[in-house]
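This report goes through selected helices, strands and loop residues of the structure shown below.

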Amino acid sequence: MDRHQRNRNIVATLSDFHAREKDEGRMDLDNSKGSTSLAGWFLGPLAENQEVLDKSIAKAIAAHCDARREYGAQFRDPPFVTSEIKASDDYRKTIATLDTKLDDLLGALHGSIPLSSYRNQSHMYWDITMPGAIGYFAAMLYNQNNVAAEASPVTTLLEIEVGKDLARMLGYHVPSDAEIAQGALTPWAHITCDGSVANGESMWAARNLKYMPITMAEAIRNEPDMAGGRDVKVTLADGRSVKLLDLDCWELLNVALDDVIALSPRLQSDFGITPEAIKAALDKYSVQNLGLAEYQQRFIAKDTQHLPVVLAPSTAHYSWPKSAALIGLGANQLWRIHVDQDGRMRMDHLRETLQDCLDNKRPILEVVAVIGSTEESAVDPLADIVELRDEFRRKGLEFSLHVDGAWGGYFASMLRDSKEPIDPDQGGALEQTPAMIMSDYVMRQYRAFPHADTQTVDPHKAGFIPYPAGALCYRNGAMRDMITFTAPVVYHGGVDPTVGVYGIEGSKPGAAAAGVYLSHAMIRPDKSGYGKLLGKCIFNSKRLYAELVSLDGTDDYIKVVPFQRLPCEKAGRGDHARAEEVAYIRENFVPRENNDLVAFLLNDQKALDLFKELGSDQNIVTYAVNFKTSDGWNTDVALMNAVNTAIYKALSISTFNGGTVPENPMFVTSSAFDVPSYGQSFVDAFGARAGLAPTQGTAISFLISTTQDPWVSATAEGNYLPKVVAAFKAAAKTAVDDVLRLHELTHG
């Protein structure tokens with residue numbers, strides 16, 4: 001039996017298996033009912049569910065061992081590890097060594113950050129879900145490689161199902177077979193190792209998409225096998241339908257995206273051009289094969305002098321300049337759009353930049369909207385960006401719109417209705433940290449998700465899944481074909497239902513897809529599951545913000561200045577109004593237990609409106625600490641930076657500590673607002689709120705607390721946040737004292 005026939009048999013077997021599982025409702029995540037108990041989703045901060053995890057992992061190991069034995073028994077295969085071998089000295093010493101080395105490793109791991117603790121309010125990761133961990137562990141034992149279905153006959157199908165589930169969560173419609181037959185666009189998503197790779201893939205696809213009309217036009221003009229397509233028409237961004245060969249270079253760079261994606265299939269179906277001819281044309285004329293430098297010189301430079309650009313906000317992740325460098329564009333071609341004092345993209349600067357590109361015929365590959373920046377948890381005005389894109393399309397400018405929702409994508413589950421009725425009293429009072437929806441502004445942006453061409457989302461962030469598990473989702477699934485490189489040993493002529501041929505990675509763990517699959521099966525990405533879970537995290541983040549903003553220096557020599565402004569500050573109502581708002585929060589929100597607070601909010605619309613607006617767009621609070629001197633609040637940025645750095649060092653672990661269980665009373669992380677990224681006016685505005693003089697180019701250090709803990713305000717002892725904040729306050733005071741003491745010693 002040859003390789004191709006073997007793979008056809010694999011596909012037939014997989015298809016039968018998949019159809020059977022779907023009929024029984026076991027693999028189709030769209031029909032999964034999920035589960036409801038938050039307490040059953042995690043191991044617990046004190047490993048309260050150890051018995052459940054022990055049983056599940058033991059069950060996974062037993063099933064895997066049974067599979068080994070059952071396969072071997074069919075052929076009466078002999079054992080290798082016999083009782084005689086097990087009785088030998090070498091074997092016994094080896095197993096004893098394994099036991100010793102494992103003890104060493106486990107001891108070292110004791111020095112890790114206690115992610116699941118109430119006191120961990122640091123990075124954008126918390127505990128992992130039990131089903132995520134169990135699914136990953138179970139599939140890991142089989143070591144499936146999702147580069148091709150031959151290497152991953154089960155986990156490839158799991159990744160396909162997960163991709164559909166993520167697409168639905170992000171607002172795309174996954175059509176039925178009948179709808180597909182009628183021409184409906186089909187979204188497509190796949191697992192990547194992380195959001196950086198997903199972002200890079202989106203830029204790669206956007207680059208190839210931008211240049212494809214030029215590639216096809218050159219091939220049709222010059223290659224006899226492509227000449228049959230000389231009358232093919234395409235739709236431009238402004239809606240005009242024009243023959244491809246009648247377009248100039250600028251117009252070719254602004255063909256409507258979906259028309260570009262459909263161009264190759266149309267040349268085959270409507271003009272009789274063979275797939276082999278198209279592949280030969282791509283090999284000879286595509287930017288994918290020629291490289292950006294030669295492509296630009298041969299086909300672009302004589303008509304359009306400028307390299308294309310990618311537009312992203314100042315808050316965009318560091319993966320974006322890396323991606324621009326990797327595709328040969330260059331990091332300098334990533335143009336930063338200014339953000340406002342809430343960390344959101346400024347529409348006036350985006351409009352100005354788009355108009356400049358249009359006026360100067362500078363192609364735009366991609367505009368990036370960040371939905372949950374990694375340091376400010378800010379959500380860009382996506383709905384307004386969509387409207388602006390439509391406006392510039394009418395002017396003839398086309399570009400791909402990408403949502404970088406690596407952090408914020410999973411919060412879209414809060415918009416998705418559950419297929420099952422949701423009991424508001426599920427789990428009892430102790431389990432029920434109240435769930436809080438996002439603000440009206442943020443919800444408007446999430447409703448615009450279906451208009452994005454590509455979206456990044458990281459299951460290993462707000463999906464609580466083990467690393468590595470990022471994802472990229474395409475609105476039009478055929479866009480993935482823009483980046484394919486095929487190799488016969490991996491991709492057997494289109495036979496496999498593969499996911500590995502699409503994307504940057506080659507080998508990747510099928511265990512990641514299994515972890516996401518089982519977690520989604522148990523915790524649905526809708527209001528009943530992840531929506532409820534993340535809603536509780538938002539509620540707790542607002543409670544933490546209320547605690548921190550109440551440390552305003554009224555009765556103390558330190559104050560906390562959150563980056564996320566209070567409603568009165570956004571309204572520009574001045575210091576007196578701010579003091580009144582903080583006092584109201586301190587008196588009415590901070591002291592109450594959850595049930596009392598919820599009752600208070602439900603009976604006072606003004607209080608509810610205020611509480612909903614507290615904190616970030618999601619659940620990251622960014623803040624800095626300043627201190628009071630005999631002359632008033634410190635105005636020296638260097639001293640304030642030293643204090644916040646000292647707090648960070650006291651409340652973090654950055655080096656191996658010999659396996660000792662950490663003694664830090666709380667965990668935070670840190671970063672800085674630097675002038676090159678954010679601009680001097682932005683930095684000075686934040687500094688002024690802290691009492692600083694203009695920084696003259698100096699960055700301002702700050703602290704970050706991500707509240708992914710859904711339980712911290714609803715423990716067996718009630719709201720635990722006051723104890724966490726008390727630990728922070730003590731560390732802050734110590735840091736101030738130490739910094740001032742050192743300053744006196746060095747400056748007199």
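The model is a predicted one. Helix α2 covers residues 50-74, 25 residues in total, and its first and last C-alpha atoms lie 36 Å apart, close to the 36 Å expected at 1.5 Å a residue. After α2 comes Arg 76, with a positive phi near 55°.

Helix α22 (residues 574-588) has 15 residues, which should span 21 Å at 1.5 Å a residue; the distance between its end C-alpha atoms is 21 Å, so the two agree. The buried residues in α22 are Ala 577, Arg 578, Glu 581, Val 582, Ile 585 and Asn 588. Because these residues cover an arc of only 155° around the axis, they sit on the same side of α22. Asp 575, His 576 and Glu 587 are exposed, on the face of α22 turned away from its buried side. The packing partners of the buried residues of α22 are α20 (530-549), β10 (558-562), α21 (567-570), α23 (594-602) and α24 (605-613).

## The seven-stranded sheet

An open sheet is formed by 7 strands in the order β1-β9-β8-β7-β6-β4-β5, with mixed pairing. Its edge strands, β1 (188-192) and β5 (334-337), each pair on one side only. From one strand to the next the twist averages 20°. Helix α14 (residues 319-326) packs on this sheet and touches β5, β6 and β7 (400-405); the direction of α14 makes about 155° with that of β5.

Within the sheet, strand β4 (residues 309-313) and strand β6 (residues 364-370) run parallel and are joined by 3 bridges. Leu 311 is placed opposite Val 367 in β6.

How many of the residues of strand β14 are buried? For residues 700-706 the count is 7 of the 7, so β14 is largely enclosed by the rest of the structure. In a regular strand, side chains alternate between the two faces of the sheet. Ile 700, Phe 702, Ile 704 and Thr 706 point one way from β14, while Ser 701, Leu 703 and Ser 705 point the other way. Residues of both sets are buried.

Strand β11 (residues 620-629) runs antiparallel to β14, and 4 bridges join the two. Here Val 621 has Ser 705 of β14 as its bridge partner. Strand β13 (residues 669-673) is also antiparallel to β14, with 5 bridges between them. Ala 672 stands opposite Ser 701 in β14.

Asp 458 lies in the loop between β8 (454-457) and β9 (470-474). Its relative accessibility is 0%, so Asp 458 counts as buried. Leaving aside residues up to four places away in sequence, Asp 458 touches Asp 194, Gly 195, Gly 405, Ala 406, Tyr 410, Gly 463, Ala 469, Gly 470 and Ala 471.

Asn 664 is in the loop between α25 (637-650) and β13. Under the same exclusion of residues up to four places away, Asn 664 touches Ala 650, Leu 651, Ser 652 and Ile 653.

| Side chain | Backbone atom | Distance |
|---|---|---|
| Asp 458 | nitrogen of Gly 195 | 3.1 Å |
| Asn 664 | oxygen of Ala 650 | 3.0 Å |
| Asn 664 | oxygen of Ser 652 | 3.2 Å |

## Backbone geometry

Most residues other than glycine have a negative phi, and most peptide bonds are trans. Which residues does a cis peptide bond join? The bond is between Tyr 467 and Pro 468, with omega about -5°, and Pro 468 belongs to the loop between β8 and β9.

The loop between β8 and β9 also holds Phe 464. Phi of Phe 464 is positive, about 60°, although the residue is not a glycine. With a relative accessible area of 2%, Phe 464 is buried, the cut-off being under 20%.

Ala 47, in the loop between α1 (3-23) and α2, has a positive phi near 55°. At 31% relative accessibility, Ala 47 counts as partly exposed.

Conventions. Residues numbered from 1 in each chain as written. Predicted model: local features only at pLDDT ≥ 70, side-chain atom pairs only at ≥ 80, totals over all residues. Heavy atoms only, no water. Buried < 20%, exposed > 50% of the residue type's maximum accessible area, 1.4 Å probe, protein only. Pairing = 2+ DSSP bridges. Expected span 1.5 Å × (residues − 1). Arc of directions from axis to C-beta. Contact = heavy atoms within 4.5 Å. Axes fitted to C-alpha atoms, helices over the stretch in contact; angles between N-to-C directions. Polar contact = N/O pair within 3.5 Å; in protein donor to acceptor, adjacent residues only side chain to side chain.
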